[in-house]
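Trainee: Could you take me through one part of this structure closely, and then show me how the rest is arranged around it? I would like the cut-offs spelled out as you go.

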Amino acid sequence: MRKILFVASEGVPFIKTGGLADVVGSLPKCLDKEYYDVRVILPKYTCMKQEIKDKLTYVHHFYMDFHYKNAYVGILEAEHEGIKFYFIDNEGYFGGMRPYGDDPLWEIEK
């Protein structure tokens, strides 16, 4: 069995800002589960709907050196339509009122 891991910043039904979420939410379901073990990794955004966050199950956590500090990394999971989704938890990077940050100047600079 081949293993495929999708890593993205958004995916339906968990978090959506544009077309990427539609692709990440639908493409893994289209692959034949008999031949492919497909999983998806997404950020666990603070702004996700609470009813979705309530369905996540804790898997593990660890700390890693990142930008000269010891950063927390939590791993949660949920299954949706036969696909296992993993979520990376770190409120310092994924907190805020919307995905990709709350600073409007950051978006202009990009």
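Mentor: Leaving aside residues up to four places away in sequence, Pro28 touches Phe6, Val23, Val38, Val40 and Ile83, where a contact means heavy atoms within 4.5 Å. Keep in mind that this is a predicted model, in which local features need pLDDT of at least 70, side-chain atom pairs count only at pLDDT 80 or more, and totals for chains, interfaces and linings use all residues. Residues are numbered from 1 along each chain as its sequence is written, and side-chain values use heavy atoms, with hydrogens and water left out.

Pro28 itself sits in helix α1; helices (H or I, at least four residues) and strands (E, at least two) are DSSP runs, numbered from the N terminus. With a relative accessible area of 1%, Pro28 is buried. On this scale buried means under 20% relative accessible area, exposed means over 50%, and partly exposed is in between, using a 1.4 Å probe and protein chains only. Pro28 also comes to 8.7 Å from Ile4, C-alpha to C-alpha, although the two are 24 residues apart in sequence.

The protein chain has four helices and five strands, and along the sequence they follow the pattern β-α-β-α-β-β-β-α-α. Of its 110 residues, 29% count as buried. Among contacts with a separation of 6 or more, 52% join residues 24 or more positions apart. The C-alpha atoms fill a box of roughly 45 × 30 × 25 Å along the principal axes.

The aromatic rings give you another way to trace such links. The structure holds six aromatic pairs; rings of Phe, Tyr and Trp (its six-membered ring) pair if their centres lie within 6.5 Å, and planes under 30 degrees apart count as stacked, over 60 as edge-to-face and the rest as tilted. One of them joins Phe14 and Phe85, whose ring centres are 4.7 Å apart with planes at 55°, so this pair is tilted. Phe14 is in the loop between β1 (2–7) and α1 (19–30), while Phe85 is in strand β5 (residues 83–89), so to speak a link across 71 residues. Both Phe14 and Phe85 are buried. Another pair, Phe66 with Tyr93, is edge-to-face, at 5.5 Å centre to centre and 80° between the planes. Because Phe66 lies in strand β3 (residues 57–66) and Tyr93 in helix α3 (residues 91–94), that pair ties together parts 27 residues apart in sequence. Phe66 is partly exposed at 34% relative accessibility, and Tyr93 is partly exposed too, at 41%. Ring pairs also link Phe14, Phe85 and Phe87 into a cluster.

Arg98 lies in the loop between α3 and α4 (104–109) and is partly exposed, with a relative accessible area of 33%. Arg98 and Met48 are 50 residues apart in sequence, yet their C-alpha atoms are 8.3 Å apart.

Last, the cysteines. The structure holds zero disulfides, a disulfide being a pair of cysteine sulfur atoms within 2.5 Å. Cys30 counts as exposed at 63% relative accessibility, whereas Cys47 is partly exposed at 24%.
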